[in-house]
There are 4 protein chains.
Amino acid sequence: MSVLVSNFINGQIVQSESGNHADLFNPANGELRGQVQLSSAKEALGAVEVAKQAQHAWQETPPLQRARVMFRFKALLEQHADELATLISTEHGKVHSDALGELTRGLEVVEFACGIPHLLKGEHSLNVGREIDSYSMMQPVGVCVGITPFNFPVMVPLWMIPVALACGNSFILKPSEKDPSPSLKLAELLKEAGLPDGVFNVVQGDKEVVDALLESPDVAAVSFVGSTPIAEAIYSKGSANGKRVQALGGAKNHLVVMPDADLEGATNAIMGAAYGAAGERCMAISVAVAVGDETADKLVASLKQKVESLRVGPGLNVSPENEMGPLVSEPHMNKVRDYIQSGVDQGATLVVDGRDITTSTPGYFVGGTLFDNVTPDMTIYNEEIFGPVLSVVRAKDYQEALTLINEHEFGNGTAIFTRDGDTARDFSEKVEIGMVGVNVPIPVPMAFHSFGGWKRSIFGPLNVHGNDGVRFYTRMKTVTARWPKGQRESEFVMPTMK
Amino acid sequence: MSVLVSNFINGQIVQSESGNHADLFNPANGELRGQVQLSSAKEALGAVEVAKQAQHAWQETPPLQRARVMFRFKALLEQHADELATLISTEHGKVHSDALGELTRGLEVVEFACGIPHLLKGEHSLNVGREIDSYSMMQPVGVCVGITPFNFPVMVPLWMIPVALACGNSFILKPSEKDPSPSLKLAELLKEAGLPDGVFNVVQGDKEVVDALLESPDVAAVSFVGSTPIAEAIYSKGSANGKRVQALGGAKNHLVVMPDADLEGATNAIMGAAYGAAGERCMAISVAVAVGDETADKLVASLKQKVESLRVGPGLNVSPENEMGPLVSEPHMNKVRDYIQSGVDQGATLVVDGRDITTSTPGYFVGGTLFDNVTPDMTIYNEEIFGPVLSVVRAKDYQEALTLINEHEFGNGTAIFTRDGDTARDFSEKVEIGMVGVNVPIPVPMAFHSFGGWKRSIFGPLNVHGNDGVRFYTRMKTVTARWPKGQRESEFVMPTMK
Amino acid sequence: MSVLVSNFINGQIVQSESGNHADLFNPANGELRGQVQLSSAKEALGAVEVAKQAQHAWQETPPLQRARVMFRFKALLEQHADELATLISTEHGKVHSDALGELTRGLEVVEFACGIPHLLKGEHSLNVGREIDSYSMMQPVGVCVGITPFNFPVMVPLWMIPVALACGNSFILKPSEKDPSPSLKLAELLKEAGLPDGVFNVVQGDKEVVDALLESPDVAAVSFVGSTPIAEAIYSKGSANGKRVQALGGAKNHLVVMPDADLEGATNAIMGAAYGAAGERCMAISVAVAVGDETADKLVASLKQKVESLRVGPGLNVSPENEMGPLVSEPHMNKVRDYIQSGVDQGATLVVDGRDITTSTPGYFVGGTLFDNVTPDMTIYNEEIFGPVLSVVRAKDYQEALTLINEHEFGNGTAIFTRDGDTARDFSEKVEIGMVGVNVPIPVPMAFHSFGGWKRSIFGPLNVHGNDGVRFYTRMKTVTARWPKGQRESEFVMPTMK
Amino acid sequence: MSVLVSNFINGQIVQSESGNHADLFNPANGELRGQVQLSSAKEALGAVEVAKQAQHAWQETPPLQRARVMFRFKALLEQHADELATLISTEHGKVHSDALGELTRGLEVVEFACGIPHLLKGEHSLNVGREIDSYSMMQPVGVCVGITPFNFPVMVPLWMIPVALACGNSFILKPSEKDPSPSLKLAELLKEAGLPDGVFNVVQGDKEVVDALLESPDVAAVSFVGSTPIAEAIYSKGSANGKRVQALGGAKNHLVVMPDADLEGATNAIMGAAYGAAGERCMAISVAVAVGDETADKLVASLKQKVESLRVGPGLNVSPENEMGPLVSEPHMNKVRDYIQSGVDQGATLVVDGRDITTSTPGYFVGGTLFDNVTPDMTIYNEEIFGPVLSVVRAKDYQEALTLINEHEFGNGTAIFTRDGDTARDFSEKVEIGMVGVNVPIPVPMAFHSFGGWKRSIFGPLNVHGNDGVRFYTRMKTVTARWPKGQRESEFVMPTMK
């Protein structure tokens, strides 16, 4: 029962005629699951043309009506939650409850987009001069493109799609080739929710499709989430083609544990943040910075015990549910294993070695891995591993911990665990990171706030969802008006001889 | 099959033990439909106590969760739309499609309230002084009361309830005694949507209940819609008891027809705005101001023909549907008939006399009535008739029309029909009215804007729904914070002899 | 060189013809300084008429131009700062540096009002329906009245005046009879800044003037700051007359000292907050709640020493400057002394008795007074003393401290001193107080935030200055517009035989 | 008395050591006025380093204090208005009153930036989850660069500088080489206003400087205004280097004259908009679209008369003042003359030929030039001439006029002259242009709104000044916080034997 994942264009599943495809595997057992078609540039541009045509009528549909499509989409996502989560787990590997969690975070953006009539309001100024008024309208930009990563095949598309559509744009989604199936389910549910054909389209593919979309003069805006080198390339190329681009890249998120922290709470938080989804989250914690050796010793001891007892295995149909599933692919598994070896080679203390893991199925598994005594010169410190590998770095004081973070290339997320209001406040102000947790390990902003990092974790001034998302997907038009006098100075009564 | 309409307290239908009741009639045929219980002051205060207790946990429920109750409430209202509209028509008399329209406008406020996590945001200022931050939180006020009129037994309660609840308040609804049944349906659906017991309550009753609610120290906010004398009394009494009050009163809405207007469009607009719901709307047009005699002559001729051919009769189970139903009660019908006679007595030209109407059922009907040559000294000009009686006033020019409106006691709504940008803009700026239509006869603001008039049509600074509604149902708390230094200046490394 | 403080109406100093006056004293030495005229109701209504007439042209002046008057007013206040501060000290008694501080906080509201073109923006919604737009305009309410207290003769008027004027209103200030001179200086500087005559007026007087203003149908809005009984009466009477009213009343501000607090910092903070301006501030700290007996013992010991060494004396021309000046009047001094005696009588421990003070001049002085072991049943705990009297209450834990505050009648300000993020956060959320300090003793919100308490410290839903101030001083008008088609479907080329 | 225009770095005039310079001319008489130094890449990077160092302390200065620098800067600009306007006229050529107008529009952005404490507010959400809060801080981006054009040597820099500085950034201005002198005056006044040294710097230069700034990793944001090819190159290069960029390019602004327009008003409006500043404005009207031949005939006749009588000559020291000055340079003058010839060659009707002009001084003058019967295939229609050349295009109806505009490459500004509300509203919604005037010929948004076009007139999602300006010059940081319980659950009373 092999699957073949195709395109969704103009309200229909459409087979690619490119003849190219990529294999799809179930990472929990390594079995071939089917193929995803890799579309041609021409097919991508065809989708753009469809989206361009469909956008006009959609733009003229009042925001209140567009919002109602989002209301129905939300209800449908809830009805199909289990199905969607199962698709995610099957192709990505994450455990079922985590897949449901992913869906919920995406669904919250749909809920946010239900408020679009309010969110789209422009500003009105009476009498900017005498009898001259000025007001702004936030109009859609046109055809928008989303290029999304394998690690959140539902959540990241839903960061973009609801806001873009609610603003009156049409949308083309280019999902990851590794777990493309959920994209078609989203398309089906949007259609069922009443979205007119052509307003939302999915084009499966690889670099050929991406390049075609980035070069098309009819694409107005591109949202991307992925690794930093690709994010940078997308931003650069899209910008050079005159588009507005928001490109979110990689991360190396540090969690600082202060001596006064609730250590039990911090340890539990780190476990979920470092090993959940096998570390394949751009907001995963991959570095724990322990302040003071006493803190570090306790923290490592506590972590060691918990990492060694992590339940690792398939994400579906196992009871009790595993805590951690496989990595997404065999090459990625091998890459993570290489990183572990480099840590050993460069002198870090390997406290728990996840390469030794044995699991019930022969999937792409690496067990929870813990390093101590990691230093800023090591590869495992500098690069994003995107696997279940946690590095403990020891800092002598708060200032050293802060400086460490601020000097790292990435600026996505960070957290500090402390009871001290002063430390938390200083950290929040001074850390050069876009999303900051205070005793919260993965401080992903809610849908009604905006997601985005600093430094080389983001390219472009506007973050994703929240008010920034609305701004990104709209063009401002400012009208200034006055009127010549005439009618209102005339009398209209017949002259009579009263 | 007589109905008995009771209270809804703490999640349950509760019978009043007061022993008092009022009769309920079907205005389409004058038959006795049943009774509504009139609760005692003690029962009202019991409901306040319930609401007070339930509010604490509801306030602590995150706004996102509260919003989801609203999402479910919306879905349930849609499912039960026909049932609710039938209840409205049965007790109020308006035709079914109009009752559905009423529901839709109320439902839009529920949709608005689904965005409460965004709408409740406070302001955060980093460094109001060096290392001092300040931020505001919008917290619920506590127990809120809504006292609502007979003419919109669903829409007006829904102007208030969704916003108040979403903000974290509990709510007591005191509906009109004339059409109380929909209030219990709303209560039932809110419970089904997951609202905790006690957060929403309905107390049927009359002045005794109102007075008890206005005097209770545990009621924080009162929203009222009704006639101006009662609005003023409620505002005064509620304010004297230290509550925040918004009290919306009566109206006498003028529609200006300029010589350049699209006369066909204006006539059609006036027909719906003057005679829809038998004129029992606070935004009904009761005065048409024709600018110039030529305009007036054409307008009156065109209206006469249309008024004479209005389909008047029961609001339910007639095909094709009638255009206008009965008035709400026999006393009100008699009052409207008296107004018509006063117009004749004071010298207005009675073009169409609705008192002559014959209908298929013996309900409280007055047909469409049209006066010409009405002047500002007449009773029918100065008072709110709340019936299907339209007065045409003739003005010699735009300025006279504008002055007429600005000198009237009320300031709820108004409209102007013109093609001229200058006239429309000047009218919009200069007219002393809260809601203004430009070629729109009933300019009720959308749920995401705010409803409210000027002058003696409203008491209190904040309008209903939209941002004003959120402000009304919240208390601002402003925190200013700084922290003593300490931990972050310490080293935590064991001194060693490295 | 006796002063006679008159009215300022229509751009001129105008003598009252009422024949009534009140004496003005210099509280630092008890000498008679002159008189303030007490105007008649008729004179007050005359000022309303002037303000009403002047308001029309001012409303039509674009907000940008109105802002420029505020820019110039700011510059003039800075130029005349010393003069204004000296006037304050002379009539109120507070020390010069404190008077300058008062001016600065008022001046910040002028700075805020310079941004009025931005702050007045309404909302614009394109296509609320197809080809139907809706937008709001925030227009002035008309004639506004400010009734202000003796304790901040410059700051409190400046909380109101700049926002009200910038919004396009005219304004009548009724200052305290105890220190009215600064009001005329403000009037003079506003005129010099370019404010048209009649837009700002000052009427000196007492209850007769207040009643006349509250009853005038031409006054649209009243802002009041004073004691709770008067605030309640003003709110009730103004509301009964259909006005929008914001009335700020009394306070009993508690400062909680947690066991982990920086005690030295907390003690210094309390000293300034309890004894600054001789405690005559609605945001003064009058109750210190020490959590735990150990904390209490240390705190009282530390305070005792500092209170005993407070430099008390005249506010002007003494070097080094005194830390605390006299009370505002002889009757008030006596009232404060009576409160001290009642504390003793009811069993509180009088640690420092300010009644024993000796000063260089024979003014209305009470020295810093400190009570320990104050309990909630005592008069000095329940009532606002408005003098340099600090009560220490001992609580066994955080929860008891919180409950104490929440059960007090007033809800203006409060503060907590702690290092613990959790305690501060819980306090901020749970305390039923409008303005909360975390390690900040007097958490007065900045001009761009809003000032206002909860419970019986405020009447009316809108706070002072900040966005709330703008909302208070404006009426919302919502326009909904569509247009009949015509010209844009016509051709205008001459038919030719090309 | 030759001038030498140098750099301003770290609070000082600094001579470039590059040895390169460009000549400066007085366009009104063609005389050599002096030189501007052309700095080296190394010098540009030195300025970046200075700006980087100075930014830290400036960021930590509370916004309220930063605003006060802007208040003082505003006052100084007003004091030095005549001097600045004279500098503008001398190097750019525009007439003195126009130079004063330019300054005023720039000064309004300074006024806007005075409100920065309000504008910088982040969003605060209490309880995004139970006892979890989230809030955003808008922090400066770091070192900002402005690259500005010759046509507004004061206004365009002031679109950027006040907002960037008020947000806490440091700034490097690279002015046009043609009229660099005002940049040093701005620097001097900022220093005098209290801006710390190094926060604002000016680097004179050409492409070498621009490239160095675009490549420096320490530059965070680049604002550019100039021609479209350069804007596109700057956007592309800056974006490729990871910066946020807003790049505003060229324009071809159409003004539609409908048959119902106030023709006299429209003609006067066109005269100012087409010939003011010799057409060297990115918001100049260069195309008038007359709807209907009758309209066109009247319009051309009326324009012809007025263009022929334009007073053209030096911008300074002539009484009465000339209406139009010279072009900025000899090459530019020649280019404009070539455009005129191309119009003739391609078949447009040359109604008034500005090449024939004779003036009192031998500067770079081209007189007012008027073409009729211009068509979309002509060079003068498609390209931005940036000179006093107006093309009249004839359209047969409204729809043709609208389509013409929407098909043009540029999308900066446009206007329509009509009395018809419907036409104006449809035009405002449908036209693909960022700034739209209704009976307003040059609809430049006010400082508190935002300036920006659509299509190839802008690159980047955020406009200049207004809220967009603040968003551009800030980075969002979102904090999510919760706290471990502890202290607040403890008792602190000594156990006693009560």
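This is a predicted model: local features need pLDDT of at least 70, side-chain atom pairs count only at pLDDT 80 or more; totals for chains, interfaces and linings use all residues.
# Chain interfaces and salt bridges

Both C:Glu108 and D:Arg68 are buried. Over all chains, a search of the whole structure finds 144 salt bridges.

**Where chain A meets chain D**

- On this interface, 63 residues of chain A are in contact with 64 residues of chain D.
- The two chains bury about 5,300 Å² between them, and 53% of that lies on carbon and sulfur atoms.
- A:His449, A:Trp454 and A:Pro461 provide 12% of the area that chain A buries against chain D, more than any other three residues.
- The rule finds 4 salt bridges across the interface of chain A and chain D. A:Asp468 and D:Arg471 meet through their side chains in a salt bridge, at 2.5 Å from N to O.
- Between chain A and chain D, 34 residue pairs are in polar contact, both residues being at pLDDT 80 or more.
- Elements giving two or more residues to the chain A side include helix 9 (228-240), helix 15 (421-430) and helix 16 (466-472). Strand 23 of chain A gives the most, with 7 residues.
- By class, the chain A side divides into 27 nonpolar, 19 polar and 17 charged residues.
- Strand 23 of chain A also pairs with strand 20 (residues 435-438) of chain D, in the parallel sense and over 4 bridges. Within this pairing, A:Val479 has D:Val436 as its bridge partner.

**Where chain C meets chain B**

- Here 64 residues of chain C are in contact with 63 residues of chain B.
- Chain C and chain B bury about 5,300 Å² between them, 53% of it on carbon and sulfur atoms. C:His449, C:Trp454 and C:Pro461 supply 12% of what chain C buries against chain B, more than any other three residues.
- There are 4 salt bridges between chain C and chain B. C:Arg475 and B:Glu432 meet in a salt bridge, at 3.6 Å from N to O.
- The count of residue pairs in polar contact between chain C and chain B is 34, with both residues at pLDDT 80 or more.
- Among the elements that supply at least two residues to the chain C side are strand 6 (122-129), strand 7 (132-140) and strand 21 (454-455). Strand 23 of chain C gives the most, with 7 residues.
- The chain C side has 27 nonpolar, 19 polar and 18 charged residues.
- Strand 20 (residues 435-438) of chain B and strand 23 of chain C pair in the parallel sense over 4 bridges. B:Val438 stands opposite C:Ala481 in strand 23 of chain C.

**Salt bridges within a chain**

- The side chains of B:Arg33 and B:Glu91 meet at 2.9 Å, N to O, in a salt bridge. B:Arg33 is in strand 5 (residues 31-38) and B:Glu91 in helix 3 (residues 81-92) of chain B, so the pair ties together parts 58 residues apart in sequence.
- B:Arg33 is buried, with a relative accessible area of 18%. B:Glu91 counts as buried at 1% relative accessibility.
- C:Glu232 and C:Arg456 form a salt bridge, their closest N and O atoms being 2.8 Å apart. The pair links distant parts of the chain, 224 residues apart: C:Glu232 is in helix 9 of chain C, and C:Arg456 is in the loop between strand 21 and strand 22 (458-459).
- C:Glu232 counts as partly exposed at 21% relative accessibility, and C:Arg456 counts as partly exposed at 30%.

Conventions:
Residues are numbered from 1 along each chain as its sequence is written. Chains are lettered from A and ligands numbered from 1 in the order in which they are written. Side-chain values use heavy atoms; hydrogens and water are left out. Contact means heavy atoms within 4.5 Å. Buried area is the accessible area (1.4 Å probe) that two parts lose on being put together, summed over both. A polar contact is a pair of N or O atoms within 3.5 Å; within protein, one must be able to donate a hydrogen and the other to accept it, and residues adjacent in sequence count only if both atoms are side-chain atoms. Ala, Val, Leu, Ile, Met, Phe, Trp, Tyr, Cys and Pro count as nonpolar, Asp, Glu, Lys and Arg as charged, and the others, Gly among them, as polar. Two strands pair if DSSP finds at least two bridges between them. Buried means under 20% relative accessible area, exposed over 50%, partly exposed in between (1.4 Å probe, protein chains only).
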